[in-house]
Amino acid sequence: MPDLASLTWPDVDAAALLAVPVGSTEQHGPHLPFSTDTDVAVGLCRRLAAARPDVVVAPALPYGSSGEHAGFPGTLSIGQDAVQLVLVELVRSATLTFDRVLLVSAHGGNAVPVREAVARLRAESRDVRAWSPSWPDADAHSGRTETSLQLALDPGRVRLDRAAPGDSRPIVELLPALRSSGVRAVSPNGVLGDPTGASAAEGAALLDAHLADLLASVAAWLDR
């Protein structure tokens with residue numbers, strides 16, 4: 001089924017699952033675009049819809065909770081409270097049409113507001129779920145994983161000539177400094193990981209693996 005944005009209202013199938021890509025507009029090192037998280041969420045939602053004709057993809061939410069990246073020019077963050085409120089109101093509206101809504105978030109900073117939004121909506125008896133891909137602890141941001149994914153999605157927007165390692169310590173070690181001072185305090189180039197060796201082939205394999213997990217989660221929900 002095509003993206004919701006390309007349909008007219010008589011074309012909408014209310015029985016479909018609405019998949020909402022939830023991303024961010026935040027720095028991703030000197031080599032990846034601000035839209036990286038959004039691009040990954042959109043790419044996975046579109047692959048889900050290609051595999052399941054009962055899925056329609058909503059326009060992406062391109063803003064998230066990205067305050068930890070505020071030390072880098074261009075980052076646009078609306079904070080956790082706003083993300084939660086937007087998702088609650090969006091799903092309330094969506095469930096006037098669609099029986100089920102899936103939030104596909106590819107930005108780790110959205111984890112708390114997404115979880116709280118889903119809990120609130122489910123308490124209102126709305127059939128909503130959330131799904132997110134996972135990254136290695138030492139490759140949390142703009143490292144090999146995200147660089148490979150973006151190379152698979154849109155290689156023309158990756159500046160490999162600028163790619164350089166950042167802080168590759170496990171995220172659990174970095175959390176105190178990240179929470180108190182932001183990403184720039186631990187990684188001047190904005191990278192948490194090492195993009196060295198990233199490739200489109202690796203990104204395509206990662207997309208396939210994430211899609212398989214996403215498909216399994218949706219099947220367990222819808223086909224039970």
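**View 1. The open sheet of the predicted model.** Four strands make up an open sheet with parallel pairing, in the order S2-S1-S3-S4. Strands (E, at least two residues) and helices (H or I, at least four) are DSSP runs numbered from the N terminus, and two strands pair if DSSP finds at least two bridges between them. At the edges are strand S2 (55–57) and strand S4 (127–131), each of which pairs on one side only. From one strand to the next, the twist averages 25 degrees. This is a predicted model, in which local features need pLDDT of at least 70 and side-chain atom pairs count only at pLDDT 80 or more, while totals for chains, interfaces and linings use all residues. Residues are numbered from 1 along each chain as its sequence is written, and side-chain values use heavy atoms, with hydrogens and water left out.

**View 2. Pairing of S1 with S2.** Strand S1 (residues 17–22) runs parallel to S2 and is joined to S2 by 3 bridges. Within this pair, Leu17 stands opposite Val55 in S2.

**View 3. Helices H2 and H3 on the sheet.** Helix H2 (residues 79–94) lies across S1, strand S3 (100–105) and S4, at about 150 degrees to S3. Helix H3 (residues 111–123) lies across S3 and S4, at about 165 degrees to S4. Contact means heavy atoms within 4.5 Å; axes are lines fitted to C-alpha atoms, for helices over the stretch in contact, and angles run from 0 to 180 degrees between N-to-C directions.

**View 4. The largest pocket.** Its volume is about 770 Å³. A pocket is an open set of points on a 1 Å grid over the protein atoms alone, where a 1.4 Å probe fits, with protein on both sides within 12 Å along at least five of seven lines; lining residues have an atom within 4 Å of a point. Volume is the space filled by probe spheres set on the points, which are joined across faces, edges and corners. Of the 29 lining residues, Glu68, His107, Gly108, Gly109 and Ile171 lie nearest the centre. H3 and helix H5 (171–181) each supply at least two lining residues, and H5 gives the most, with 4. The lining has 12 nonpolar, 11 polar and 6 charged residues, where Ala, Val, Leu, Ile, Met, Phe, Trp, Tyr, Cys and Pro count as nonpolar, Asp, Glu, Lys and Arg as charged, and the others, Gly among them, as polar.

**View 5. The second largest pocket.** This pocket has a volume of about 180 Å³. Its lining includes Leu4, Val12, Leu18, Val20, Leu90 and Phe98. H2 provides the largest share, 3 residues. The lining has 10 nonpolar, 2 polar and no charged residues.
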